Amino acid sequence: MILTLLKAKLHRARVTQCDLHYEGSISIDADLLDRAGILPNEQVDVLNINNGARFTTYAIEAPRGSRMFGINGAAARLAQLGDPIIVIAYCQMPAAEARNYKPSVVLLNEHNEVIG
């Protein structure tokens, strides 16, 4: 049996940009993508803590050190600047391997700085 599990999570990031006219995706500081183990173009779910919106998109690199979390395209209607969000990536693996798997969880403060 193959199970779908949490691979990586960026927890309580703050939206720093909303660009309705960009083609889509979420822009994330490349340093934070690396820290979480999320690849550019990888599918992610974004959960808006303020309004409960959830959407699926893909991650793109924002400049390193920028602490950017930019919601792009149509999804920009689902978030506002400063909204706290959770970005989640998933993986699939055999059930036997999943029993010992540990996801990457990166906790952020209100300035998108790593706190845990």
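Predicted model: local features only at pLDDT ≥ 70, side-chain atom pairs only at ≥ 80, totals over all residues.
Residues are numbered from 1 along each chain as its sequence is written, and side-chain values use heavy atoms, with hydrogens and water left out.

## The sheet

Let's start with the strands. Eight strands make an open sheet with mixed pairing, in the order β2-β6-β3-β5-β4-β7-β1-β8. Strands β2 (17-19) and β8 stand at the edges with a single partner strand each, so one side of each has no neighbour in the sheet. From one strand to the next, the twist averages 30°, where axes are lines fitted to C-alpha atoms (for helices, over the stretch in contact) and angles run from 0 to 180 degrees between N-to-C directions.

Pairing itself means that DSSP finds at least two bridges between two strands. Strand β7 (residues 84-94) has antiparallel partners in β1 (residues 2-14), over 11 bridges, and in β4 (residues 43-48), over four bridges. If you want landmarks, Ala13 has Ile85 in β7 as its bridge partner, while Asp45 has Ile88 in β7. Strand β4 also runs antiparallel to β5, with five bridges joining them, and there Val46 stands opposite Phe55 in β5.

How enclosed is β7 by the rest of the structure? Largely, because eight of its 11 residues are buried. Buried means under 20% relative accessible area, exposed means over 50%, and partly exposed is in between (1.4 Å probe, protein chains only).

## Salt bridges

A salt bridge needs a side-chain nitrogen of Lys or Arg within 4 Å of a carboxyl oxygen of Asp or Glu. The count by this rule is four; the table shows some of them.

| Pair | Closest N to O |
|---|---|
| Asp31 and Arg64 | 2.7 Å |
| Arg64 and Asp34 | 2.9 Å |

The salt bridge between Asp31 and Arg64 links distant parts of the chain: Asp31 is in helix α1 (residues 30-36) and Arg64 in the loop between β5 (54-62) and β6, 33 residues apart. Arg64 also forms a salt bridge with Asp34. Because Asp34 lies in helix α1 and Arg64 in the loop between β5 and β6, that pair ties together parts that are 30 residues apart in sequence.

As for shared partners, salt bridges join Asp31, Asp34 and Arg64 into one network.

## Cysteines

How many disulfides are there? The count is zero, taking a disulfide as a pair of cysteine sulfur atoms within 2.5 Å. Cys18 is partly exposed at 31% relative accessibility, whereas Cys91 is buried at 15%.

## Two buried asparagines

Asn72 sits in strand β6 (residues 69-72) and is buried, with a relative accessible area of 3%. Its side chain makes a polar contact with the side chain of Ser27 at 3.0 Å. That term covers a pair of N or O atoms within 3.5 Å; within protein, one must be able to donate a hydrogen and the other to accept it, and residues adjacent in sequence count only if both atoms are side-chain atoms. Beyond its neighbours within four places in sequence, Asn72 is in contact (heavy atoms within 4.5 Å) with residues including Gln17, Asp19, Tyr22 and Ile60. Thr57, 15 residues away along the chain, has its C-alpha atom 9.5 Å from that of Asn72.

Asn112 belongs to the segment after β8 and is buried as well, with a relative accessible area of 3%. A polar atom of the Asn112 side chain lies 2.7 Å from the backbone nitrogen of Arg14. Leaving aside neighbours within four places in sequence, the contacts of Asn112 include Ala13, Thr16, Leu32 and Phe69.
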